[in-house]
Amino acid sequence: MDEKILLERIANKDEQAFQLFVEKYHQLVLNVCNNILNNFDDAMDISQDVFIKIYESIESFRGESKITTWLYRISVNKSLNYLRSKKKRKWFSSIDVIFNGDNAKNTPEDIALKPGENIEIEENKKALHIALNKLSKKQNIALTLNNFEDLSYKEIAEIMEISVTEVGVLINRGKKKLKTLLIDYFNNN
Amino acid sequence: MDCKRVKRLLPDLDLNLTEDLQKKVKTHIDSCENCAKIYWKLKQSLDLLKPTTDVTEQAFYYTRLKQKMEHRIEFGNSLLSKIFSKKLVQPFIYLSSIILAVYVGILIGSSNPSFSSYSEIESGENINPIETFAEYNYLNDYEIETIENLITESDDEY
């Protein structure tokens with residue numbers, strides 16, 4: 001089915017069209033959220049919020065950009081909002097830990113190594129995600145979209161609503177900072 | 001070349017370093033176990049920065065999404081959600097915090113001496129507020145005397 005017609009049908013609250021749309025794009029959305037959040041359960045939850053948002057505000061899609069660009073943009077924003085609210089919750093849970101002992105939920109930094117998997121790779125993955133989370137929000141998103149999603153600078157520029165040059169600067173500086181953070185991490189662990 | 005300098009130069013190793021510096025860093029890495037370990041770990045971590053297909057297609061994704069949407073609609077229509085909605089609760093919290101802050105401020109600011117257990121004024125005593133104010137705020141007794149008194153007193157002295 002043509003995408004334009006599919007979107008028009010979703011705008012008219014056609015559930016079958018929405019199901020087709022979800023089935024087509026859920027893997028993409030889920031993958032972006034998972035790469036940013038580094039937690040599959042959270043990614044599952046946030047990706048569903050992305051589709052709900054799309055269902056509720058499909059009229060705001062003007063068709064100027066590709067549908068995937070719009071999907072990436074909403075996924076990135078939702079994931080970042082979630083990380084922000086998680087930080088706030090973490091502050092409150094740290095108070096909770098003082099009074100109730102250590103029963104707080106795991107953060108990306110606390111991810112335990114999965115048994116049976118290559119311990120070294122898991123440790124490197126953990127270090128990489130800790131370092132990525134320490135980058136600025138923009139650098140993190142640009143690097144994630146460029147490296148994990150294999151998007152071009154032009155596509156990233158459209159998603160982040162910045163210039164291609166800015167994307168290049170973000171990625172170059174982000175990579176350098178990432179290396180420094182990784183060196184610090186391995187130096188201290 | 002020492003370890004500290006090598007670690008500082010490592011991020012630029014394959015990018016901006018001169019050939020001579022690159023050679024020096026690599027020679028150090030070959031001879032230093034700790035720096036070599038960090039170098040290889042850095043390389044392995046950066047190799048993980050590649051397109052991932054960790055997430056596979058989810059069989060019941062739409063069913064779960066539909067459940068969530070229905071749950072949201074139910075909750076959205078319930079009275080509880082309206083009460084606890086951000087639009088209502090947030091202004092209420094802000095307003096009550098402001099009122100509380102103003103009230104505490106007034107309480108601290110208007111600490112009446114007669115309320116204090118350390119006050120020398122007994123309750124029920126007829127208090128002239130101006131005198132009390134002067135007593136507590138001015139050490140000099142002359143401050144509470146009228147100008148006329150002061151003039152006549154000074155005239156008597158001469």
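How many residues does the largest nonpolar core have, and which have the most contacts inside it? The legends below take up this point and others in a predicted model.

**View 1. The largest nonpolar core.** This core has 51 residues. Those with the most contacts inside it are A:Cys33, A:Ala131, A:Ala142, A:Ile156, A:Leu182, A:Phe186 and B:Leu42. Helix α2(A) gives the largest share of the core, nine residues. In soluble globular proteins, nonpolar side chains tend to be buried together.

**View 2. Surroundings of A:Ile156.** A:Ile156 is among the residues with the most contacts inside the largest nonpolar core. Neighbours within four places in sequence are left aside here; beyond them, A:Ile156 is in contact with A:Ala142, A:Leu145, A:Asn146, A:Leu151 and A:Val167.

**View 3. Chain A and its helices.** Chain A contains eight helices and zero strands. Of its 189 residues, 35% are buried. Among contacts in chain A between residues at least 6 apart in sequence, those joining residues at least 24 apart make up 57%.

**View 4. The contact between chains A and B.** Chain A contributes 27 residues to the contact and chain B contributes 24 residues. On the side of chain A that touches chain B, two or more residues come from each of α2 (15–37), α3 (40–57), α5 (119–134), α6 (137–148) and α8 (164–188). The largest share of that side, nine residues, belongs to α2(A). By type, the residues of this side of chain A are 10 nonpolar, 11 polar and six charged.

**View 5. A:Ile52 in helix α3 of chain A.** A:Ile52 lies in helix α3 of chain A. This residue counts as partly exposed because it has 15 C-beta neighbours inside 10 Å. With its neighbours within four places in sequence left aside, A:Ile52 is in contact with B:Met69 and B:Arg72.

**View 6. Helix α3 of chain B.** This helix (residues 33–47) has 15 residues. From its first C-alpha to its last, the helix reaches 21 Å, close to the 21 Å expected at 1.5 Å a residue.

View 7. The buried residues of α3(B) are B:Cys35, B:Ile38, B:Tyr39, B:Lys41, B:Leu42 and B:Ser45. They lie on the same side of α3(B) because they cover an arc of only 170° around the axis. An α-helix has 3.6 residues a turn, so residues three or four places apart point the same way. B:Glu33 and B:Asp47 are exposed on the other side of α3(B). The buried residues of α3(B) pack against α5 and α8 of chain A, together with α1 (3–9) and α2 (19–31) of chain B.

Methods. Residues numbered from 1 in each chain as written. Chains lettered and ligands numbered in written order. Predicted model: local features only at pLDDT ≥ 70, side-chain atom pairs only at ≥ 80, totals over all residues. Contact = placed C-beta atoms within 7 Å. Helix = DSSP H or I, 4+ residues; strand = E, 2+ residues; numbered from the N terminus. Nonpolar A, V, L, I, M, F, W, Y, C, P; charged D, E, K, R; others polar. Core = buried A, V, L, I, M, F, W, Y, C linked by C-beta atoms within 7 Å. Buried ≥ 20, exposed ≤ 12 C-beta atoms within 10 Å, placed from the backbone. Expected span 1.5 Å × (residues − 1). Arc of directions from axis to C-beta.
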